[in-house]
Amino acid sequence: MIHLRRRRALPALLAAALCATAALTTAPGASAARVATAAPTARTATAAPTARTATAAPTAAASSESYNGLALTPPMGWNDWYQYGCNVTQADVLANAQALVSSGLAKLGYDYVNLDDCWMAPTRTTDGQLQGDPTTFPNGIPWLASQLHAIGLKLGLYESFGDTTCQGRPGSYGHYQQDADTFASWGIDYLKFDYCGVPAGTTSASLESDYEQMSQDLVATGHHIVFSEELPVAAADANPDNANYLPYVALSSTISNMWRVAQDETSDFDTTVFGHLANDLPLAQYAHPGAWNDLDMVMAGNTAYDWTVQQEETQMSIWAEMASPILDSSDLSTMSAATKQVLGNKSVIAVDQDPLGKQGLLVGQQGTVDVVAKPLADGDVAVLLANSGAASQSVSTNVAAVGLPRAAAYSVSDLWAGTTRETAGTISATVPAESAVLLRVAPAGGTAVTRYAPLTAVSVSAQVPPTSQGSEFEIAQPGETVSVPASVQNEGRAPVTRVALSVTGPSGWVSGAGISAPALPTGREASGTWQVTVPPGTAAGTYPLTATAKYRWGLGNTGSSSSQTTIVVDVPPTGSPTLDQLSWLSATNGYGPIGINKNYYGTPLSIHGTVYGHGLWVNSPATIYYYLGGNCSTFTTDLGLDDSDKGTGAVEYEFYADGNLVYDSGVVTNSTPTIHANVNVGGAKVLELYVAEGNGTNSYGNADFGSPTLTCGS
Ligand code: GLA
């Protein structure tokens with residue numbers, strides 16, 4: 001199995017730098033320019049208001065009520081931003097609204113249709129009034145509101161508290177009551193109030209009073225307008241260790257219906273979904289009916305992010321457990337059946353929308369798995385097992401730990417698999433890498449044991465040694481034999497009998513027969529170890545292994561459980577390949593996809609006028625890992641900033657062989673002559689290319705590898 005754990009220090013920087021950018025519409029140079037040149041009006045770490053004093057910090061939510069009586073369950077619906085950015089049009093909005101209705105999603109609760117940035121014209125009217133962009137919304141916003149209301153939907157709009165929106169459109173600063181009145185007169189049902197265009201002289205205190213002011217101005221209109229805002233994002237680093245963060249969240253929970261608790265999402269699933277969960281876990285106390293921690297949008301069906309169904313389900317599970325608003329950002333008018341199933345899972349929606357309005361609480365951590373428990377109105381508990389690690393992991397908790405009272409037995413429903421089992425009290429599951437399991441656990445009488453198969457926990461792991469001591473990568477080579485232990489444990493109140501456990505994999509890989517046990521009472525396990533040989537000649541790839549337990553329960557019923565793990569196989573490079581010819585093990589990039597033989601703009605790589613036919617473009621901070629398998633001796637490459645941004649900015653290249661620093665360029669700017677690096681990588685299994693921000697910001701960190709070449713054995 002392969003561990004893709006990323007440098008945890010970096011995503012925060014990355015997120016802070018990207019927070020105010022339009023993921024779909026803004027090139028890295030442009031976003032960097034705004035961050036670099038627009039301070040203090042841009043949303044940057046340095047422009048964040050000054051630190052607050054400890055005494056000014058509220059310590060808890062002051063209220064357990066909705067400040068305006070709205071959003072008693074987390075708002076659900078659609079937002080255009082991550083799919084359309086500034087290109088969104090009236091036709092797009094209507095198509096998505098119709099899809100909400102025709103798909104049945106609206107009936108399940110998805111009734112907000114929210115326009116994000118860029119719905120407004122570049123200027124206000126002469127009397128200072130906001131107006132819809134006449135090009136993209138030719139019929140105007142009030143007309144759009146009436147169209148949506150006519151089909152049972154609501155319309156949300158976006159604005160920013162400051163002088164401009166994040167895309168440079170007119171902000172609300174100096175116009176709060178006027179804008180609130182405009183929105184009310186247009187029939188707007190929801191306002192998202194961003195943190196961009198920070199006016200000069202803004203302090204923490206003035207910022208807080210600005211958000212409070214808009215909150216009150218909306219109420220003063222007498223119209224029902226949900227208030228969604230981004231005050232906590234002003235703390236730049238959404239992290240409880242940040243002195244500003246908790247005070248902002250505490251205030252938000254008393255003046256708004258929902259507030260963003262993390263920076264904008266990126267297509268990097270792990271840092272986005274698990275990073276946002278980490279930001280939100282300490283904030284459970286602030287959520288209550290009418291006031292919700294907002295994890296940002298749901299990406300099911302988003303074609304720019306293109307997450308797998310399992311990733312989309314994982315995001316939904318986490319959002320539901322944390323009682324986050326569920327605002328999907330995709331083109332619903334072309335929604336696939338899979339997307340509809342993800343968004344339309346009623347059991348998962350019921351967890352999110354539970355009327356008790358509790359956010360899930362962290363009740364345990366096992367390895368890379370967070371165990372989160374959300375009490376529900378009917379006495380059930382929704383249990384989230386969220387695995388941020390790159391390896392699947394078996395987890396075991398119990399009913400007492402998740403807050404359930406004593407009972408003869410319990411039913412455990414897997415809300416994505418749609419299955420229900422009974423347990424005597426232990427709750428076990430194998431959680432695949434970077435994903436989550438969402439369970440609804442309920443106390444049940446003794447009769448549960450006749451209705452449901454016992455919960456049986458199957459676990460399996462492939463014992464591939466790390467590529468070097470402490471390495472995050474576990475890679476098997478063709479010809480290698482790997483030990484694979486597997487086990488099955490009965491957690492049910494009732495026994496399971498005639499148990500047969502087997503491990504299967506690709507044809508010819510697994511040797512050894514299955515094992516059997518006549519009976520397993522509650523809490524007992526059967527286990528064995530299988531030898532798995534990767535046949536010589538196997539191509540690089542990720543290969544699944546499945547352990548399956550079959551058994552009998554009750555009066556002759558059959559049952560089974562299974563669990564999967566994977567073996568990652570890679571083949572060392574040979575000859576003198578350039579890196580564009582190899583597949584990396586894993587990679588992260590500061591902005592957009594890593595460019596192979598081209599830069600972000602799709603034009604050839606070029607450093608100080610020299611054009612390279614082979615090479616890579618990255619935006620700092622970036623990390624790329626290549627598998628060398630001990631077969632390569634040197635790595636040569638030209639290094640320098642890409643000419644496409646006139647070489648503005650600064651980076652630093654660091655290369656690691658099996659975790660040891662083997663090359664450090666120092667800070668590279670446009671005035672650094674092209675570097676010709678020649679690095680000894682002899683014997684290394686894994687080469688890491690890390691491109692750091694050279695000046696503490698990610699302004700224009702657009703860096704090239706020109707003709708990056710490995711010299712390897714045959
Ligand atoms: C900020 C917000 C995003 C989006 C954009 C629009 O980055 O956090 O959710 O509204 O602005 O410009």
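**Note on the sheet and nonpolar cores of a predicted model**

1. In strand E7, Asn 293 is the bridge partner of Trp 259. Strand E6 (residues 258-260) and E7 run parallel and are joined by three bridges; two strands count as paired if DSSP finds at least two bridges between them. Strands (E, at least two residues) and helices (H or I, at least four) are DSSP runs numbered from the N terminus.

2. The model is predicted: local features need pLDDT of at least 70 and side-chain atom pairs count only at pLDDT 80 or more, whereas totals for chains, interfaces and linings use all residues. Residues are numbered from 1 along each chain as its sequence is written, and side-chain values use heavy atoms, with hydrogens and water left out.

3. The open sheet comprises eight strands with parallel pairing, in the order E7-E6-E5-E4-E3-E2-E1-E8. Strand E7 (292-294) and strand E8 (326-328) are the edges; each has a single partner strand, so one side of each lacks a neighbour in the sheet.

4. The largest nonpolar core has 104 residues, of which Trp 119 and Ile 318 touch the most other members. Such a core is a set of buried Ala, Val, Leu, Ile, Met, Phe, Trp, Tyr and Cys residues joined through side-chain atoms within 4.5 Å, buried meaning under 20% relative accessible area (1.4 Å probe, protein chains only). Helix H8 (residues 245-255) supplies the largest share of this core, six residues.

5. Leaving aside residues up to four places away in sequence, Trp 119 touches, among others, Leu 130, Phe 137, Phe 183 and Trp 186; contact means heavy atoms within 4.5 Å.

Methods. Buried means under 20% relative accessible area, exposed over 50%, partly exposed in between (1.4 Å probe, protein chains only).
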